[in-house]
Amino acid sequence: MLTKRIIPCLDVKDGRTVKGTQFVNLRDAGDSVELASRYSDEGADELVLLDISASQEGRKTFHKVVEDVAKAIQIPFTVGGGVSTVEDVMRVLDAGADKVSLNTAIVTNPYLLDAAAAKVGSQSIVAAIDAKRHEDSWLVYVKGGTVPTHLDAIWWAKEAVDRGAGELLVTSMDRDGTKEGYDIELLNTISRTVTVPVIASGGAGELVHLKDAIVDGKADAVLAASIFHFKEITLADIKQYLSENGVPVRL
Amino acid sequence: MIAVIDYDAGNITSVCNALHKIGAEHFVSNDRKELARAEKIIMPGVGEAHSAMISLKNLGLTGWLTDVEVPFLGICLGMQVLFDHSDERDTRCLGIVEGTIRKFDTPDATGQLKIPHMGWNTITVDREHTLFQGIPSGSFFYFVHSYYAPVVRETVSYTEYGAKFSSAISKNNFYGVQFHPEKSGEQGLKILKNFIELC
């Protein structure tokens, strides 16, 4: 049986993993390659590495981190952050990543999704959607969650899949870093709308949150960052808990 | 020396990293003369059958591949193109194994069957096989694919996702795995090791 995936996320700035609350107030969480290896050993099903460096220098460092992580671990990983052309996509995959996550660039230029999927296949293309509640719907935000757009998140999710995204990484900006749980309604709505796997992101704080995202939110995978980095909950805890609650996981 | 075929159909970096990890000397090539010197051949592949077959054809490798006599391992798409035909853009493949590659059914009303089949799933090993030596039936491997190979005479292990499909096949010197051994942790490395040391 296909199992639900548990995915630690590493926000990488100048080679170090950091974590903020609602996209700001960064705290240092350690060396990225070391963390990636640790998670892989502890039973992570996949990893996500996001480059949040602002400088050219930081981007170069990040590229090296991707290469080193690819050499260090034998599980799949997705890379995102600052990817804005088909050439960027190729560069990330050539460095050893399995999937590329696209966010701001595909909102600005949706055709990039078509072009990237045609070049490397949908299975390697993840559309990352940062969504924030706005009355009774959700709006898409870009540039690391700082700039609102007029796009409805549910519409955009479907559009991104139609254009070639093989997976969606759905982050609730309202919940990110709060540890109050994932936005279940957002996840459930998107998951019922699209035919590709959905990764839940933003808000994990307790074990029950992960289960709710899968069972009620219909997510195929759950992503979290700070609960892992600061060893609040281990991967083994999560898998045991989910398994006891009837969620298929890789033990 | 192991040759890894680079035919512009996806990610060879991961396969090379994995070979490096298990200490297997290897080289990357798409040149028939160089490949002919290899003791074993690995053909990775992600992406799409039609483009993959065109790449192989443009490199002059299609005819040559069917006559390869050394142990050959196709991974993911590299396994699928060993079959006769793929429904993916109605593509004629290498025809080493009889059968047609089909697409997973569209997700059902409950949304249970997402495509691609992406993530860790178990394999059931049908019979004793060198590729799976030391790997128990029921082990987890990492899959990413939207098309699947049917269960055929050459099936060594099968996996279930909506339908039952071949997750590993073997015919003479040709071996194929639908999952990604290079991305399946220790068990995946063991598959590569078995191929290199035992097949």
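**Chain A as a whole**

The model is a predicted one. Chain A holds ten helices and twelve strands. Its radius of gyration is 16 Å, close to the 18 Å that the globule rule gives for 251 residues, so chain A is as compact as a globular protein of that length. The C-alpha atoms of chain A fill a box of roughly 45 × 40 × 40 Å along the principal axes.

How much of chain A is buried? Of its 251 residues, 54% are. The contacts in chain A also reach along the sequence. Take those between residues at least 6 apart: 65% of them join residues at least 24 apart.

Strands of a sheet pair through backbone hydrogen bonds, either parallel or antiparallel. Chain B has an open sheet of four strands, with mixed pairing. The strand order is S6-S5-S7-S11. Strand S6 (91-92) and strand S11 (147-148) of chain B stand at the edges. Each has a single partner strand, so one side of each is left without a neighbour in the sheet.

Chain B also has an open sheet of eight strands. Its order is S2-S1-S3-S4-S14-S13-S12-S9, again with mixed pairing. Which strands stand at the edges here? They are strand S2 (26-29) and strand S9 (124-125) of chain B. Each of these has a single partner strand, so one side of each lacks a neighbour in the sheet.

| Strand pair (chain B) | Sense | Bridges |
|---|---|---|
| S5 (residues 83-86) and S7 (residues 97-103) | parallel | three bridges |
| S12 (residues 155-161) and S13 (residues 163-171) | antiparallel | six bridges |

His85(B) stands opposite Thr100(B), which lies in S7(B). Glu160(B) has Lys164(B) in S13(B) as its bridge partner.

**Where the chains meet**

How many residues does each chain bring to the contact? Chain A gives 29 residues, and chain B gives 29 residues. On the side of chain A that touches chain B, helix H2 (56-72), helix H3 (86-94) and helix H7 (184-193) of chain A each supply at least two residues. The residues on that side of chain A divide into ten nonpolar, nine polar and ten charged.

Definitions and conventions. Residues are numbered from 1 along each chain as its sequence is written. Chains are lettered from A and ligands numbered from 1 in the order in which they are written. This is a predicted model: local features need pLDDT of at least 70, side-chain atom pairs count only at pLDDT 80 or more; totals for chains, interfaces and linings use all residues. The radius of gyration is taken over C-alpha atoms; the globule rule is 2.2 Å times the number of residues to the power 0.38. A residue is buried if 20 or more other C-beta atoms lie within 10 Å of its own, exposed if 12 or fewer, and partly exposed in between; C-beta atoms are placed from the backbone. Two residues are in contact if their C-beta atoms, placed from the backbone, lie within 7 Å. Two strands pair if DSSP finds at least two bridges between them. Ala, Val, Leu, Ile, Met, Phe, Trp, Tyr, Cys and Pro count as nonpolar, Asp, Glu, Lys and Arg as charged, and the others, Gly among them, as polar.
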